[in-house]
Amino acid sequence: MEIAQFLEGLPRGDLWIFGYGSLMWSPGFRASQKSAALARGYHRAMCILSHRYRGTPRKPGLVMGLCRGGSCWGIAFRVPAARVRRVMRAMWKREMLNNVYVPTMLQVTVGPKQRIRALAFVADATHRQFVRELDLHGRARLVAQGIGERGRCVDYIRNTLEHMLALGVNDPHLARILDAAAGLAAGRQDQ
């Protein structure tokens, strides 16, 4: 999908964007409002090989995608209508360069009970960079080796976990991946 086609289908007015990974702590745009948000029917997963931001084609990192099933806490950002097109062009360059995500309008809950529609970047399970089956060690190995344009994959996971904890949300699986990856990275530095 091209940006122009996507923009045509957006509802008029303000736009909410749901961040569940680096968008939580580095959205790259100013929001008029932000709130903890819960997306039901999708979960956060370490499932996308990163060849650019958190790795290279020779040494890919592993980043998050939103996948069907479960639920996911994140942050919803409200973008004023006057800035939607500019913000979306920047988001498209950041998230849609190789089309590993499918931009999707999801129903999320913000605040105690307010339901809104928010744009989320859902992992494309048919994309060549999508990782289906990988055990904890395999994921940790990719996270440990991943260094790209936006830094180390280990730092990406650490920042995400810190922002989740600030929301009062714990992700033990993601924490285990980080611990294992940090151990692998430390082992390489000792050699």
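**Figure 1. Leu38 in strand β2 of the predicted model.** Leu38 has a relative accessibility of 9% and therefore counts as buried, the cut-off being under 20%. The residue belongs to strand β2. Beyond its neighbours within four places in sequence, Leu38 makes contact with Ser71, Cys72, Trp73, Val108 and Thr109. Tyr20 is 18 residues away from Leu38 along the chain, and the C-alpha atoms of the two are separated by 9.7 Å.

**Figure 2. The largest pocket and its lining.** The volume of the largest pocket is about 430 Å³. Its lining consists of 23 residues, and those nearest the centre are Tyr53, Val63, Arg94, Glu95 and Tyr101. At least two lining residues come from each of α2, β2 (33-50), β3 and α3. Strand β2 gives the largest share, with 3 residues. By class, the lining of the largest pocket holds 12 nonpolar, 6 polar and 5 charged residues.

**Figure 3. The second largest pocket.** The second largest pocket holds about 210 Å³ of space. It is lined by 14 residues, with His43, Arg44, Ala45, Ser71 and Asp171 closest to its centre. Two or more lining residues are given by each of β2, β3 and α6 (172-190). The lining of the second largest pocket comprises 8 nonpolar, 4 polar and 2 charged residues. Ser71, one of the residues closest to the centre of this pocket, is also among the contacts of Leu38.

**Figure 4. Helix α3, residues 84-95.** Helix α3 has 12 residues, which at 1.5 Å a residue should span 16 Å; the C-alpha atoms at its ends are 16 Å apart, in agreement with that value. The buried residues of α3 are Val84, Val87, Met88, Met91, Trp92, Arg94 and Glu95. Because these residues cover an arc of only 165 degrees around the axis, they lie on the same side of α3. Arg86 and Lys93, on the other side of the helix, are exposed. The cover over the buried residues of α3 includes α1 (3-9), β1 (15-19), α2 (22-25), β3 (61-79), β4 (101-110) and β5 (114-123). Two of the buried residues of α3, Arg94 and Glu95, are also among the lining residues nearest the centre of the largest pocket.

**Figure 5. Asn99 in the loop between α3 and β4.** Asn99 is not a glycine, yet its phi is positive, about 60 degrees. The residue lies in the loop that runs between α3 and β4. With a relative accessibility of 35%, Asn99 counts as partly exposed. Asn99 is also one of the residues that Asp124 touches.

**Figure 6. Asp124 in the loop between β5 and α4.** Asp124 has a relative accessibility of 18%, so it counts as buried, the cut-off being under 20%. Not counting residues up to four places away in sequence, Asp124 touches Asn99, Val100, Tyr101, Val102 and Phe130. Tyr101, one of these contacts, also belongs to the residues nearest the centre of the largest pocket. Asp155 is 31 residues from Asp124 in sequence, and the C-alpha to C-alpha distance between them is 24 Å.

**Figure 7. Gly138 in helix α4, residues 136-145.** The relative accessibility of Gly138 is 7%, so this residue counts as buried. Gly138 and Ile177 are 39 residues apart along the chain, with a separation of 9.3 Å between their C-alpha atoms.

**Figure 8. Helix α5, residues 153-166.** Cys153, Val154, Tyr156, Ile157, Thr160, Leu161 and Met164 are the buried residues of α5. Seen down the helix axis, they fall within an arc of 160 degrees and so line one face of α5. Leu165 and Ala166 are exposed on the other side of the helix. After α5 comes Gly168, which has a positive phi near 85 degrees.

Definitions and conventions
Residues are numbered from 1 along each chain as its sequence is written. This is a predicted model: local features need pLDDT of at least 70, side-chain atom pairs count only at pLDDT 80 or more; totals for chains, interfaces and linings use all residues. Side-chain values use heavy atoms; hydrogens and water are left out. Helices (H or I, at least four residues) and strands (E, at least two) are DSSP runs, numbered from the N terminus. The expected span of a helix is 1.5 Å times one less than its number of residues. Buried means under 20% relative accessible area, exposed over 50%, partly exposed in between (1.4 Å probe, protein chains only). The arc is that of the directions from the helix axis to the C-beta atoms. Contact means heavy atoms within 4.5 Å. On a 1 Å grid over the protein atoms alone, a cavity is a set of points where a 1.4 Å probe fits but cannot get out, and a pocket is an open set with protein on both sides within 12 Å along at least five of seven lines; lining residues have an atom within 4 Å of a point. Grid points are joined across faces, edges and corners, and a volume is the space filled by probe spheres set on the points. Ala, Val, Leu, Ile, Met, Phe, Trp, Tyr, Cys and Pro count as nonpolar, Asp, Glu, Lys and Arg as charged, and the others, Gly among them, as polar.
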